[in-house]
Amino acid sequence: MAKPTRLLCRKTVASVINILALVSTVESLNSLRGDGQQLGKHRDPIGHIEVLETLPPPREFWDLYASQRRPVLFRGAARQSPGMHLWSDDYLLKNYGDLKVKIESKAEKDDSPTGVKGLGQDTIENFLASYIKRNSYIVSQLPDAMSREVSVLPFLTCGTFRDRILEANLWMSSGGTKSLLHRDADNAINCLYAGRKDWIFIHPSFEDRIPIAKEDVEAYGGFALLDPDNVDLERYPAFADVDWSYANIMAGDCLFLPYGYWHQVRSYDRNQAVSVLFSRLTEVDLSGCHDDDLHYTPLSEVNMVYTYDGYGDQTMGDTDPFELNDTLKEWCSSLGVLNQPLMLTGLLEEYGLDEPDDESPNHILNSNHGQFQEDKEDIKQMLMEATEKMMRILDTNGDGKVSCAGELSGLSLGTLKTLANILDGDSANTEDYEYASFSPQAIRDFLMQCMERADTNSNGELRREDFLEFYQAFGGSLKGGKELLSILDKEDNGFISRSELHNNMERVLVMYNKKAKPDSSNLLWETERKRLHSERRKTHVHDDL
Ligand SMILES: *[C@@H]1O[C@H](CO)[C@@H](O)[C@H](O)[C@H]1NC(C)=O
Ligand SMILES: [Ca+2]
Ligand SMILES: [Ca+2]
């Protein structure tokens, strides 16, 4: 890869470091540069990524950037999107207030915030009412209605690029968001409509020096087990040799972020961005591209693969259906035929779960909310169920196998999207997310604790208001709490009695039996964070002594 050449002016940074060095001890002078500090302090950056003032034509974009997986900043390209000029809070409220979006906390991996639609789900109206103060960030599929005001950059509007625009995502916050170091599965054009963002980039060739959750090593996505504010180089010494580049992006700029490229992002000020995702491509047919005919084109006019109506479930992050098509075809042609066990084997290989006696890692979901042990057997079980469902769609003549030339040929995009969702659908895309986020055991414990508090506060019955308050303190949403209440306070007199709880507990627990999509990196990172915190606490104890 050709490396960008511009160097960061580090004068201010360097002087701060000098001051810190004066007050630090001999011990820390001996330690590794950047240890325990922010990501990027371990060495000087290579430089800012390349900046273009004019957009390349499709062929040039492919040859110099997309095919090379080389990030580049398009200065001012977001200004062509009407949304950049229109999307004030007032405008959004008036035109899109009722649309549903997904929300996350500003620091990735903190507990999900709640909105009027449940855990991690809110309306734009409710988000706008409090986002300045709250620790809440829209990270969502873009509702279709808004796609009329988003422009696709000209070079993506023809040939293979145009056919392979997968989905669009909306990002909005009052600033102060901070991601982990991670990589995404698809290519993206990320345009900033408001605010500023600082990006750190690490080329995929440094992957073997980045601590990645084991199952994600072979994947396209995934997180690094590094705290971006406190990089532990003693534990991960190889990271000290990792080169990095950066970009300072301002409102009006667009960024090409290649698939699988490691990045970490911080945002400042009121922030709005739209990213348009397109397939990882190995080749493109641009014969239909006539450079003179290319224009900024409304996203609503390019036949994006995954759209979102703004009310139902999202499909954010679902697998690229074209790649799924190719994978199924490959499996089928190499094996001669496909059936459920063969599909399962293929998937276990993809997930790195095919080695029989490998003890680590254990998938533990939702460690914050309840010890939900998600081991390999559970994942196998989930994949088993998914492949059975997929077979029901693929095996149209019901003979237990999928013929390569017949049943597998000519799968429609719609069918492939359904298969992708069965395989990979994320409960965080639905209002069921709340029920997938707490284990039945955690809910049982919570309910028992509620009853204990009721015993001391009242005649043994739990007041409606108290229950709703306890449930929200537990991490649930008001909406979820009310749903529970409608089951638990069956007679609807404003109190949950012991017998009501006893009689209706199972009906509640069944609702929480939905398992979230395994995200082991998330949990490994949680473990890492806890370890860091406990070590920090230990250090503080020493300081006190
Ligand atoms: C999936 O692949 C088959 C070839 O096996 C092809 O005929 C079909 O058009 C592909 N589907 C899509 C949506 O590209
Ligand atoms: Ca068949
Ligand atoms: Ca009652």
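**Close-up 1. Crossing of helices H15 and H16 in the predicted model.** The axes of helix H15 (residues 478-488) and helix H16 (residues 498-511) come within 9 Å, and they cross at roughly 125°. Because of this angle, H15 is oblique to H16. On the H15 side, the contact is formed by Leu484, Ile487 and Leu488; H16 contributes Glu500, Leu501, Asn504, Arg507 and Val508. Sorted by class, the contact of H15 with H16 comprises five nonpolar residues, one polar residue and two charged residues.

**Close-up 2. The largest nonpolar core.** This core contains 82 residues. Those with the most contacts inside it are Ile138, Leu153, Cys191, Tyr193, Ala224, Val274 and Val276. Strand S12 (residues 187-202) gives the most to this core, supplying ten residues.

**Close-up 3. Surroundings of Leu153.** When neighbours within four places in sequence are left aside, Leu153 is in contact with Leu55, Phe74, Ala77, Ile189, Cys254 and Tyr296.

**Close-up 4. The shell around ligand 1.** The residues around ligand 1 are Phe322, Asn325, Lys329, Ser409, Gly410, Leu411, Ser412, Leu413 and Leu416. At least two residues of this shell come from each of helix H8 (321-335) and helix H11 (413-424). H8 gives the most to the shell, with three residues. By class, the shell around ligand 1 divides into four nonpolar residues, four polar residues and one charged residue.

Note on methods:
Residues are numbered from 1 along each chain as its sequence is written. Chains are lettered from A and ligands numbered from 1 in the order in which they are written. This is a predicted model: local features need pLDDT of at least 70, side-chain atom pairs count only at pLDDT 80 or more; totals for chains, interfaces and linings use all residues. A nonpolar core is a set of buried Ala, Val, Leu, Ile, Met, Phe, Trp, Tyr and Cys residues joined through C-beta atoms within 7 Å. A residue is buried if 20 or more other C-beta atoms lie within 10 Å of its own, exposed if 12 or fewer, and partly exposed in between; C-beta atoms are placed from the backbone. Helices (H or I, at least four residues) and strands (E, at least two) are DSSP runs, numbered from the N terminus. Two residues are in contact if their C-beta atoms, placed from the backbone, lie within 7 Å. Axes are lines fitted to C-alpha atoms, for helices over the stretch in contact, and angles run from 0 to 180 degrees between N-to-C directions. Angles under 35 degrees count as roughly parallel, over 145 as roughly antiparallel, 65 to 115 as roughly perpendicular and the rest as oblique. Ala, Val, Leu, Ile, Met, Phe, Trp, Tyr, Cys and Pro count as nonpolar, Asp, Glu, Lys and Arg as charged, and the others, Gly among them, as polar. A residue is near a molecule or strand if its C-beta atom, placed from the backbone, lies within 6 Å of it.
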